[in-house]
Amino acid sequence: MTGKTVAIVLNYNDYLQTIQFVKHIEKYASIHYIIVVDNGSLNNSLEELCNIKNDKVYVIKSNRNLGYGKGNNLGMKYGVHQFDPEFFIIANPDVFFEEKAVTAAIKLLKKDTSIGMVAPRMVSHGGTRTLPAWRLP
């Protein structure tokens with residue numbers, strides 16, 4: 001493992017929101033690579049997403065919509081083969097998070113290796129806090 005963190009972002013027919021999200025997290029030093037998976041979009045998403053490719057942002061495509069889980073798995077498989085990361089971030093393009101959330105999650109995962117997954121507390125536009133978690137066996 002390289003100690004690197006890779007973010008996976010799934011896109012389906014919404015390149016504007018995906019590009020906006022990628023441009024936001026691209027400046028985070030704690031995220032080393034971003035893989036955008038175009039999940040079989042039926043519009044010109046793939047072409048538009050290819051315009052943001054660079055040394056940090058990679059765009060891959062699925063020939064059909066694989067669904068949420070398989071689409072993210074496609075991105076993770078690519079990430080494992082290309083970058084051998086220590087951590088993955090799975091993020092929808094319609095969310096916002098600060099870099100301090102990423103660094104806190106990484107710190108916790110490094111501190112306690114019995115933890116396999118971390119999710120931040122979500123805050124809605126109205127300020128309501130929710131905890132998107134469930135106990136795993």
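Trainee: Is Phe 83 buried or exposed?

Mentor: Buried means under 20% relative accessible area, exposed over 50%, and partly exposed in between (1.4 Å probe, protein chains only). Phe 83 has a relative accessible area of 9%, so this residue is buried. Please note that this is a predicted model, in which local features need pLDDT of at least 70, side-chain atom pairs count only at pLDDT 80 or more, and totals for chains, interfaces and linings use all residues. Residues are numbered from 1 along each chain as its sequence is written, and side-chain values use heavy atoms, with hydrogens and water left out.

Trainee: How many aromatic pairs does the structure hold?

Mentor: Rings of Phe, Tyr and Trp (its six-membered ring) pair if their centres lie within 6.5 Å; planes under 30 degrees apart count as stacked, over 60 as edge-to-face and the rest as tilted. The structure holds seven such pairs. In one of them, Tyr 33 and Phe 83 are stacked, at 3.9 Å centre to centre with 10 degrees between the planes.

Trainee: Which parts does the pair of Tyr 33 and Phe 83 tie together?

Mentor: Helices (H or I, at least four residues) and strands (E, at least two) are DSSP runs, numbered from the N terminus. Tyr 33 belongs to strand E2 and Phe 83 to helix H3 (residues 67–83), so their pair joins parts 50 residues apart in sequence.

Trainee: Which residues do ring pairs link into a cluster?

Mentor: The cluster consists of Tyr 33, Tyr 58, Tyr 78 and Phe 83. Tyr 58 is partly exposed at 23% relative accessibility, and Tyr 78 is partly exposed at 25%.
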